[in-house]
Amino acid sequence: MNSKKIFATALSCAMAATMLAGCGSSSSSATTSTASSDDEKITATITVWGPQEDQSEDNGKWLQTECENFAKEHSNWDLTFKYGTCSEGDAGTNVSKDPEAAADVYMFASDQIGTLVDANGISKLGGSTLDQVKSQNTDAFVNAVTYDGAVYGVPYTGNTWFMYYDKDMLSEDDVKSLDKMMEKTTVAFPVSNSWYIEAFYAATGATFFGEDGQDEKAGIVLGDDGYKATEYIVNAVKSGKLVDDKDGSGLANFGKSVGAFFSGSWDYQNAVDALGGDASKLGITKLPTISIDGEDKQMKAFAGVKAVAVNPNTKNPEVANALAAYLGSKDAQQDHYDLRKIIPSDSSIDVSDDTMAVAQNDVMNNTSMLQPSFSEMGYWWTPAQTMGENIVNGKVTVDNAKDETATFEKQANTKSVD
């Protein structure tokens, strides 16, 4: 989920003058005698922020449980935990408001790293924690938490999207190509959503801050063929076979007039319910190709990760670093998956029987574009949304696509003036 434009939810932690005010905080103490005895004696209160879903009874209080398990492994540490409710998508904003008053350890979406670095609200990883990140994850996941050559945050799941389809309406061969899909049914796609429309431009060769997403000076380049992506979307929308998925309309019509829609793991149960609760009818796969000048071009989704961060302002860095590593560990990720179906980033956890997990990991590792964390990435969202809206309402046409795309590229590299 795009933390900047999509899921800035009511779960956000409303920062106030003190560390815990307005964060739905609670306390618990956890110490046992079943852990290593060679730790230095430490007494500490650690504040941890995470989404409400990870702290609810219905989901087994994952966050509290993992913190208590962590304390059991460090019996020589006398630890008290204070918990705050703050979604991953809101962490960048809330931590940056007052890093010194923010949590010692928090969960965040990787596209916020640049903002957090600028605010001195996130620590570089080193030592055994860095080794853990590199050993657990594929290059795609490690790159997503890499900024200016340093690694920030311990990944625990991917943050991207893929395609859901009705197997009664589309075959496995059909869904390889968006053009084939539109011959058979109506496809819902969030054309006016700036996190999704990028996929068409990625197919025609657009780059975001260089080929690897790590070159801040390179900016956003839609390329010589960028206008062809615009033309493709214009023609598809005009045909009526590609409809703008706005305000849940794609899901609402899924299995009826709509044979496929694009979303992430958060919509799995909703997709099953739309098909009458029959999961066997639901297909899940990577993004399709589009035909440009007679050639199949692979659509690519923005991809990042959700990760655990350490606040450099913590008064207990040894504990905070160890806790962040623990919350992103293989065991904690397995618990997360068992309780909430949070698809693990740890490549040693076997999810091969889970079609949703396979699809997400396929996108993450093979058919995605790194969502850059540079603050300049913020220039993209409003122009991209406007471009999608203007395609849908007919202001952008095949005749003006080239000029409109050039204007779009310029705006996507320019700071907005309010």
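Below is a chat about charges, cysteines, backbone angles and chain contacts in a predicted model.

Colleague: What should I know before reading the numbers?
Modeller: This is a predicted model, where local features need pLDDT of at least 70 and side-chain atom pairs count only at pLDDT 80 or more, while totals for chains, interfaces and linings use all residues. Residues are numbered from 1 along each chain as its sequence is written, and side-chain values use heavy atoms, with hydrogens and water left out.

Colleague: OK, salt bridges. How many does a search of the whole structure find?
Modeller: The search finds 9. A salt bridge here is a side-chain nitrogen of Lys or Arg within 4 Å of a carboxyl oxygen of Asp or Glu.

Colleague: Why would such side chains pair at all?
Modeller: Opposite charges on side chains can pair when the charged atoms come close.

Colleague: Which residue does K281 pair with?
Modeller: K281 pairs with D168, and their closest N and O atoms are 3.4 Å apart. The two lie in distant parts of the chain, 113 residues apart. K281 is in the loop between α10 (268-274) and β14 (282-285), and D168 is in the loop between β8 (162-166) and α6 (178-184). Helices (H or I, at least four residues) and strands (E, at least two) are DSSP runs, numbered from the N terminus.

Colleague: Is D168 buried or exposed?
Modeller: D168 is exposed, because its relative accessible area is 59%. K281, at 24%, is partly exposed. The cut-offs are under 20% for buried and over 50% for exposed, with partly exposed in between (1.4 Å probe, protein chains only). The areas come from the Shrake-Rupley method with a 1.4 Å probe, and for residues only the protein chains shown count as cover.

Colleague: What does E295 bridge to?
Modeller: E295 forms a salt bridge with K297, with the closest N and O atoms 3.3 Å apart. E295 is partly exposed at 47% relative accessibility, and K297 is partly exposed at 27%.

Colleague: Which residues are joined into one network by shared partners?
Modeller: D173, K176 and K180 are joined by salt bridges that share partners. One of these bridges is K180 with D173, the closest N and O atoms being 3.4 Å apart. K180 has a relative accessibility of 37% and so counts as partly exposed; D173, at 42%, also counts as partly exposed.

Colleague: Which residues form the negative surface patch?
Modeller: The patch is formed by D118, D148, E211, D212, D215 and E216. Patches take residues with over 30% relative accessible area and no salt bridge; like charges are joined within 9 Å, and nonpolar side chains (Val, Leu, Ile, Met, Phe, Trp, Tyr) within 5 Å. Lys and Arg count as positive, Asp and Glu as negative, and His and the chain ends are not counted. A charge is placed at NZ of Lys, CZ of Arg, CG of Asp or CD of Glu.

Colleague: Where is E216?
Modeller: E216 is in the loop between β10 (207-208) and β11 (220-221). At 35% relative accessibility, E216 counts as partly exposed.

Colleague: New topic. How many disulfides are there?
Modeller: The whole-structure search finds 0 disulfides, a disulfide being a pair of cysteine sulfur atoms within 2.5 Å. Among the cysteines, C67 is buried at 0% relative accessibility and C86 is buried at 1%.

Colleague: What about the backbone: what is the phi of D247?
Modeller: D247 has a positive phi of about 55 degrees, although it is not a glycine. Most residues other than glycine have a negative phi. D247 sits in the loop between β12 (242-244) and α9 (249-252) and is exposed, at 79% relative accessibility.

Colleague: And what is the phi of K341?
Modeller: K341 is not a glycine either, and its phi is positive, about 60 degrees. K341 is in the loop between α12 (330-340) and α13 (355-366), and at 46% relative accessibility it counts as partly exposed.

Colleague: Where is K415 found?
Modeller: K415 is in the segment after α15 (401-411). K415 and E376 are 39 residues apart in sequence and 7.7 Å apart in space, C-alpha to C-alpha. K415 is exposed, at 60% relative accessibility.
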